[in-house]
Every structure is written in structure tokens, then in C-alpha cells.
Amino acid sequence: MHVSIVGSGYVGTTVAACLADLGHDVTNVDVDEDVVATINDGDTPIHEPGLDELIGEHAGDRLRATTDYDAVRETDVTFLALPTPSEDDGAIDLTYMEAGAASLGEALAEKDGDHLVVVKSTVVPGSTEDVVAPAIEETSGKTAGEGFHVAMNPEFLRMGTAVEDFLDPQKIVFGAREADAYETLGELFDPLVESTDAAVVETGIREAEMIKYANNGFLAAKVSLINDIGNICKEFDVDAYEVADAIALDDRIGGKFLRSGLGWGGSCFPKDTNAIIAAAQEAGYEPPVLEAAVEVNDGQPERLLSLLDDHADVAGKRVAVLGLSFKPGTDDVRGTRAVPVIEGLQARGADVVAYDPVATESFDEYYEDVEVEYADSAAEALDGAHAAVAVTDWDEFAALDTEFDAMANPVVVDGRHIVERREGITYEGLTW
């Protein structure tokens, strides 16, 4: 099948490469000429394990990129994988989606026959039918359900394991109104369904939109709950990780997302929880559990800093921050817990030096207003530091040992249960 994907960001690029790997012909459409050139050269515009190999293998063959929307006319189905950034009140901004849909409609005006448009971006219920479809109708002169069809296929990709998540999914969700749309999506994903144990969920468009929010909202609340329990454990000098290991044996709870610590960040959990809270509030409902999940998560960085206060006065002192990405395995710094930690340290008068294995450049570009010193290694960051805080659980931080001996004052506050306790350092875990 010939597929076009509008948007070559994190989701669009990953989906394009994986669909090409399944045997489809894929065309990425993006307004950024540099991104288009990068893909056509066989390189990846984002850092994601396994993605560079897929693009390198399929670029110029089953995968190509262009800035020309007219290319969608040669395809059977188009995915919209465009940004939906947060507004000040947490609601999603559909400007990019609406503009992309309008440009897509202009191209489809000259196409004979049906075309399936699938929203891949995370959007609140009603967005596909009330915003995307009308934008295509206006510029194409066609009617949704007749000249073209719309559907929703939410993504469940995690940073650092996105390729694996796509190629070995637990579920694939098709949200549509017409049988033809389900049939086209089924044909498109058939190679994946045949090679995995993925469950296929066929549902309505609004239900598919909501499934993504329900998925992330549930997981965000689970992380905040274990952090809340971990905070209680800390007060009673109880090992929260032993507690978590025990409750994980209950199959009603399960062991995933039970690592207490600094909380969740990234581009999905913060944006999605805030967006569905804002949408619910606009509809007249206050979601107390999700609001509490956000409150607990927002408070974890300050709890870490308060533990640091118990052991060190960092005013005018060098403090090492280990980790800048929101999680290991990616250079994505959106929503990273490093920002509130660094800001809290600087409010205390500390001189912050930060190190991350891959995300330093991304952090420096994304957070231009956050002024810190960057180190080229963990050892360099720790050298002469009056204290250190672990923010991201990169494996290399678990291997640190004698590097702590170079600290001026070996105080380590671990927000991710990654640093090994040892004699010669004053160690505090955030929730254990």
C-alpha cells in the first residue's frame, strides 16, 4: 500500500520508517526542507534507538520525503502526525493540525476517487470530526464520508523504545465511521497483526481519541500514586522499592510504572493529562484524580531539593545535575524534571553544572533561558562539586564509583534509584 504521512517529527518519522519496514511505500511530507533532505539522505532527524537503521535501509526505496503536498494524491491513505502543543491553560493548540488538514484538502481537490485521512496526533475527543474534517472539506470541495473518509489511529510510542513499540504493539486502535475505513486500516496493519499478538480494537472516532488520553492518564496517575506511597515510605524509613516489589505480585496492580522517584515528564504525559483535564473542565467536570496526579508530580522536584537542604547549604557552591533528558535512551528534554530541579538549585544560589550522555545540546537549544555550565562527563561534573542530584536514570550513572571521591562534599540525592550506595558518600534516595 502507498502511504503518505504529513509531519516528520518524532511520531511521523518513526511511523514512516516502521511502515516502510512492513513493506509499504511511504512518503513523508514536511515543510522543513532540512528534515526532508535528512530523511532522503538516509539519516534520522531525531534520536531514537533503531530508527537510524530503518531509515538508512529504506530511504530512497520504500521511504522518501518531500515538501510537496501534491504527493499525497499518489497515495491511498494519509496520516496526519502534526504537533498539538499546549496552550497556557493546558488545552491543545490545533493550529498546526488545521493548517495541515487544509493543505491536504487542497491537494485532494485534484484527486479522483476516495482517500482515507487518518489522524495520528493526540487530539481531544471531537477534534477529528469537528476540526480536521471540516478543514479538509473547505479546501477540497469534497464531503467527509463521500469524497474522503476520516479515521483515528492513536499512537502508543514511548521515547527510547518507539520502534520496538510500533513493531511489537500490545494493541492497535482503529477509530472510524465507515466500513471502508476499517478495511483500509486493517489491510495497512495486516503485516503487523500477523507477525505479533497485538489486539485490534475497532471503535468510533471519539472513542479512539479518548483511548489515548485514558491510557496516558491512567499511567500518569499510577506513577503519581507510587510516588505518593514512596513519599510516605520515606517518612517512616521504609524501603519503597521493597514495598513496590511486593505489591507488584498482585496481578491487579502489576509491576510496571512502580519505580517511585522524580515523576513523569516528556512530551506525552504532561501535555496529555493537562489537555484532558482542560477539556473535561470546559465540558463542566473537574477530574479530581487526574488533578491530584499532576499535583503530586509537580511536587517531587521540590521534595528532592528539600532533602538536599538537610545535608548541604549550596549557596555559592558547585552542584552537579546528572541527567537532562526526561528519561534514558532519548535526547528529548520536553517536560524534563531537570528544569524545576535546576531552577530550584539556582534559587538557592547554587552554581549548577550539568551532564547528560546525549541530551546536552537538545537541552541547551530547547531551554535557552536556563543558564547552566555543561560538563563533558559525569566525572567532570562531579569534580569539586559540593553536592550532586541524579535526575535521569542513565545506566552509566549506576556505574559511578570513585568519581564521587573527587567531590568537595560527597552529598548525593538520588531521584531515580540509580546511584549505588557506598561508603564515603552521604546518600539520600528521594522516596526510599
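Residues are numbered from 1 along each chain as its sequence is written, and side-chain values rest on heavy atoms, with hydrogens and water left out. Because the model is predicted, local features require a pLDDT of at least 70 and side-chain atom pairs count only at pLDDT 80 or more, whereas totals for chains, interfaces and linings use all residues.

The largest nonpolar core, where a nonpolar core is a set of buried Ala, Val, Leu, Ile, Met, Phe, Trp, Tyr and Cys residues joined through side-chain atoms within 4.5 Å, holds 55 residues, of which Leu 308, Ile 342, Leu 345, Phe 363 and Val 389 touch the most other members. Among the elements that give two or more residues to this core are helix 9 (240-247), helix 11 (288-309), helix 12 (338-347) and strand 13 (411-414); helices (H or I, at least four residues) and strands (E, at least two) are DSSP runs, numbered from the N terminus. Helix 12 supplies the largest share of this core, with five residues. Contact means heavy atoms within 4.5 Å, and, leaving aside neighbours within four places in sequence, Phe 363 is in contact with Leu 324, Val 333, Thr 336, Ala 338, Val 339, Ile 342, Val 370 and Tyr 374. Apart from the core of 55 residues lies another core, of 44 residues, which includes Val 3, Ile 5, Ala 151 and Phe 189.

Two buried residues may be described individually. Accessibility classes are set by relative accessible area, with buried meaning under 20%, exposed over 50%, and partly exposed in between (1.4 Å probe, protein chains only). Val 411, in strand 13, counts as buried at 2% relative accessibility, and, when residues up to four places away in sequence are not counted, Val 411 touches Leu 308, His 311, His 386, Ala 387, Ala 388 and Thr 426. From Val 411 to Thr 161 the separation is 250 residues in sequence and 33 Å in space, C-alpha to C-alpha. Ser 224, which is found in helix 8 (residues 205-235), is likewise buried, with a relative accessible area of 3%. The side chain of Ser 224 makes a polar contact with the side chain of Trp 264 at 3.3 Å, a polar contact being a pair of N or O atoms within 3.5 Å, of which, within protein, one must be able to donate a hydrogen and the other to accept it, while residues adjacent in sequence count only if both atoms are side-chain atoms.

Arg 303 is partly exposed at 27%, whereas Glu 235 is exposed at 59%.

Finally, positive phi angles may be considered. Most residues other than glycine have a negative phi. Phe 257, in the loop between helix 9 and helix 10 (269-283), has a positive phi of about 65° although it is not a glycine, and Phe 257 is partly exposed at 33%. His 417, in the loop between strand 13 and strand 14, has a positive phi near 55° and is partly exposed, with a relative accessible area of 32%.
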